[in-house]
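Hello,

Here is the structure I promised to pass on. Please have a look at it first, and then read my notes below.

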Amino acid sequence: MLRATLKGLLARKLRLALAGLAVVLGVTAVSAAMVTTETIGNGFDAIFATAASDVDVSVSARPNVDESTTFAPPLPASVLEELDAVRDAESVTGVVSADGARPIGPDGKVISVQGPPRLGVAWAGETGMTRLREGRGPRAANEVAINAGLAEQGGFGVGGTIDVLTLRPRQTFQVVGIYGYRNGLDTMGGGTEVAFTEPVAQQLILGRTGVYSSVTMTAADGVSPEKLRDQVADVLGSSYLVRTGDELAEQTASEGQAFLETVRMVLLAFSGLSLLIGIFLILNTFSILVAQRTSELALVAALGARRRQIVGSVLVEAALVGVLASAVGVGAGIAVSTLLKSFMESQSGAQLPVGLTVPMPDLVLAFVVGVLVTLVAALVPAVRASRVPPVAAMREAAAEQRSLTGITVAGAVPAALGTAGLVAAVTGIAGDFRWLALGGGVVLALLGLALLTPVASRYLLPAVGRLLSWSTPGKLGRRNAERNPRRTAITVATLVVTLGLVGGVGVVAESLRGDVSSVVASDLTADLVISGDGVSARAGGQSGGPPTAADGRIMPTFAPEVVERAREVPGVAVATAQYVDTVQLDGRAPGPSPGNAGDLSRLESVLGLEAVDGTLRTLARDEVVVDTETLADQGLAVGDRIRVSTQRAGWQEYRVVGSYEPNFLLRGPVLAPEVAAERFVSPLPALGYVELEPGADAAAVKSSVSELVADNPEVTVADQTQLASDASSRLDIAEIMLYVLLGLSVVIGILGVVNTMALSILERTRELGLLRAIGMRRSHMVHMVVAESLVMSVFGGLVGLAFGTLAGAAFVSVAGLAVLAVPWASLALFLGLAILAGLVAALAPSTRAARVNILAAIGDR
Amino acid sequence: MTTVSQHTITGLAARADGVTKTFGTGATAVTALNDLTVNVQRGQFTAIMGPSGSGKSTLMHCLAGLDTVDSGEVWIGETRLTGLGDKALADVRRNRVGFIFQQFNLLPTLSAEENITLPLAIASRRPDARWFDTVVEAVGLADRLTHRPSELSGGQQQRVACARALLPKPDVIFADEPTGNLDSRSGGDILRFLRRSVEEFNQTIVMVTHDPNAAAFADRVVFLLDGRLVHELRDPDADDVLDTMKALDALGQDAEPRARA
């Protein structure tokens, strides 16, 4: 039996190659995800481990806000004196190094890095990691040294100048030195670094002189870092974070790896998707392979083979394909990882000091998954083949038509449940469980849809086909698409799922955009907004509320004088600034909250605020105005006292003197601007609002105000329309990322159609020969196959998009968005993609059909 | 059938002129047709016979434009097939030639009627309704037109194939062992239909067969051996054919006694 199987296997190389392709793709994606993330993770670990190798213990202040912020308040110099007294310390060094030095490139724009920080540091000489490549360290207040990565990225050289934005507005410095790192790296994980003299760094990066971002210590001989750590902790108490060098490296690396998690998720989601589609493909391929061999298998059965042997022979075949394809897939995955690694390095400017790290256990897992998936997918058709009575199978063309009743009933149940869930979610019957009802409904409905596709194809394919088949070859193609509903369904399953997701995402994104625009237009009465990239986008984020520096990064800011000078521009009625921070609240529900500061009497006008209690007036330093929702959450009322911790200054007590209706653009406590300058993470405002006098020339005012921020490349002046589109731009990025991911699965979907088409063509060789014999031209054959492919892909596309649109509409309704916007143009584009998929899929099979040898095909030679 | 009777006067429906066809190369080369010349008269029912490997199927494939020849010329009516491109050959097959295969070869996705009209449909031509009815009546399928091939018996499927071949009024219908897969009664139906097509509709038919009873329906039987035309019978009966076949078998065995030993 084994020998017969092996011989059969070799005789059908092409078909098996097609089946194997699906497995190869899935396994490639999985192993690429694993190797890439492992390699990058190791690279980061290596970088930060060496960075901390000279440090035995690091001391830093605890963040003032619970949220995953990276902003640690500065340490006063007095801490250094305290630490000098620690017995086992050999050296105690104050370090100045924090995110927030934004260099401006030669093109006048801020040099952008994706992910890694833009550090401002105090020059400490060639200690630790740092190695000067050229020039010297900074000695005067207007001198800086920069890291080699930044020098290359911005084209800076020793002797030139560099403009840097810090906690203070733009300043110009002389570049006196360029440095790299001990192991020959140009950057640490891709970040830029500007080294100032210590007092300048303290002033610009930490806010005032005489403070440090952290203190590093080395232990005396024979003292373990852990022992030193414990001694330091005893001296300083619990208000400081005291960590050994290893702990610090681990912490820093894990922070650096946050974006790595995203990469990993994207890759794993893609590989999961491709494996799922791979299962469809293999299932499909093997059912066709087995169907083609039904008579052969029946002959074997008639000769006395047992059913178990028949199933076994198919499984042996599947196992061989699975092993081979998985091995190829793992190899291809490693190759893809190499490409990904160099791609990421070139994109981020970071070099990884490690080679490719291959996680063997993970790869073995990927391999096993590939083989198992193949076996499982082959089992169903194998069992089915073994059940065919020998005599029935040996007759020509064993019946392809099997009853669809079973599968239809099986599909109707989840479809009905899913629909019920969706209806419950939309009508509000589900109450607090509406999101669960929606999610469950979508999943169940999708499952039901998959099972109902065969029966749907029976009724919908002729309708779709009629649009596409105006000639006889086209009609023949349509009939071919209709002839096996199960196979058609499984072929288009990928397209249905992918286009369903794409369509749903499109509807939701378009509706969110409409929602954001309408909210921005209704809540914002200012005519112009001064803000940096991403600030106004956050203002319109789907969570609502004002922009926050929630990630602890320094936001783009501008000098407060800008709004003062804007007030003098003719035609300006009101101009005011908003300072932002993330703060911690203390009350019935302690936790982080957006924090703001500004001149309330003016903010009231530009944001259309409504005072609920008290008045919205210019505040004193110890006064705060809080929105009604936050007050209610904390169980407070106007007149009470509230404790608020800002990122820079920590806990302070304020008196609540008023409350306001929370607004899409403003939420949480609002403090006096002087408080912000001292206690917020950035002392500069992040947002400026300008309201025009009636009849003022909007364009003229806009250009005058733009002049005021001309030297600051981080901020721009936008009118309401720009702001709304800017606010929705964050959605664009998320949407595009999702589309890219789904685009990849569309590619696999195309392969699915190609595969089925190719196998169907092989299966119908005799018919093709006949058609040629009775006078079909080669062009007719191509037309026929293209029509078949198009009918299937358009059908899949329509079903998927219809489902996606409905699911998206349900989401929009449950989320309570103001508008339901259907992006018709995008949907048409997606359908176009499905058509393109159909055309691509028909390419090879139609060529094959056109070249069929008539005499060989009709079995006369 | 006025046009057909005119052809009868001018003579030939199909012609192979000094045709040679070899399969394979070198030591394994097999000469299927060896400088063979055959004329097919219009309005005649010609049977081609011969032992296995005598080249009868190859001759038919070459005459029908399904296969090319190494040397010599093949004509359908006044059209020389030799040297025609694929597109022109496809058009000749669709418009000028009809086929009946041993394996029926119907399209499973089409109904009987759609199978019958398929060659005309490919050419975007509409069948003449009266002629269609005549043909369908002749094959006795009037009540089976909406059925799919899987719902028809073997004999019915072959009658659909006959109707498909006849409907475009081709210059020649080529039938390759049309009764080979049928029981004798269904086979008899097919042969009587072919005979009637010749007599009533003046249709030219060329049939490859190894069944002397089938050959007896023809006006003329040509016998092939090793790619050459070796004998010919006019208005044969089954016994004559059988005797000739026996003689040819004996000849064939004499020709290669050592190979058999």
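Let me start with a helix contact in chain B: B:Ala112, B:Asn115, B:Ile116 and B:Pro119 of H4(B) meet B:Val160, B:Ala163 and B:Arg164 of H6(B), where contact means heavy atoms within 4.5 Å. Helices (H or I, at least four residues) and strands (E, at least two) are DSSP runs, numbered from the N terminus.

Before going further, a word on conventions. This is a predicted model, in which local features need pLDDT of at least 70 and side-chain atom pairs count only at pLDDT 80 or more, while totals for chains, interfaces and linings use all residues. Residues are numbered from 1 along each chain as its sequence is written, chains are lettered from A and ligands numbered from 1 in the order in which they are written, and side-chain values use heavy atoms, with hydrogens and water left out.

**The helix pair in chain B**

H4(B) and H6(B) pack with their axes 7 Å apart, at an angle of about 30°. Axes here are lines fitted to C-alpha atoms, for helices over the stretch in contact, and angles run from 0 to 180 degrees between N-to-C directions.

H6(B) covers residues 154-166, and its 13 residues reach 18 Å from the first C-alpha to the last, close to the 18 Å expected at 1.5 Å a residue; the expected span is 1.5 Å times one less than the number of residues. How many of its 13 residues are buried? The count is 12, so H6(B) is mostly covered; buried means under 20% relative accessible area, exposed over 50%, and partly exposed in between (1.4 Å probe, protein chains only). Among the buried residues are B:Val160, B:Ala163 and B:Arg164, which also take part in the contact with H4(B). The buried residues of H6(B) pack against helix H25 (765-773) of chain A, as well as against S6, H4, H5, S7 and H7 of chain B.

**A sheet in chain A**

In chain A, four strands make an open sheet in the order S3-S13-S1-S14, with antiparallel pairing; two strands pair if DSSP finds at least two bridges between them. S3 and S14 (240-244) are the edge strands, each pairing on one side only. On average, neighbouring strands of this sheet are turned by 20° against each other, direction ignored.

S13(A) deserves a look of its own. Six of the six residues of this strand (214-219) are buried, so it is largely enclosed by the rest of the structure. A:Ser214, A:Thr216 and A:Thr218 point one way, and A:Val215, A:Met217 and A:Ala219 the other. Six bridges link S13(A) to S3(A) (residues 89-95), with A:Ala89 opposite A:Ala219. Three bridges join S13(A) to S1(A) (residues 57-61), and there A:Val59 has A:Val215 as its bridge partner.

S1(A) also pairs with S14(A), over five bridges; A:Ser60 is partnered there by A:Leu241. Helix H3 (residues 77-84) of chain A packs on the sheet, touching S1, S3, S13 and S14, and its direction makes about 175° with that of S3(A). Helix H6 (residues 225-236) of chain A lies across S1, S3, S13 and S14 as well, running at about 170° to S14(A).

**A sheet in chain B**

Chain B has an open, antiparallel sheet of four strands in the order S2-S1-S4-S5. S2 (30-41) and S5 (79-80) stand at the edges with a single partner strand each, so one side of each is left without a neighbour in the sheet. S1(B) (residues 12-23) and S4(B) (residues 71-76) are joined by five bridges, and B:Thr20 is the bridge partner of B:Ser71. Helix H2 (residues 56-63) of chain B lies across S1, S2 and S4, at about 120° to S1(B).

B:Asp35, in S2(B), has a positive phi of about 50° although it is not a glycine, and is exposed at 53% relative accessible area. B:Asp235 has a positive phi near 40°; this residue lies in the loop between S10 and H9 of chain B and is exposed at 62%.

Best wishes
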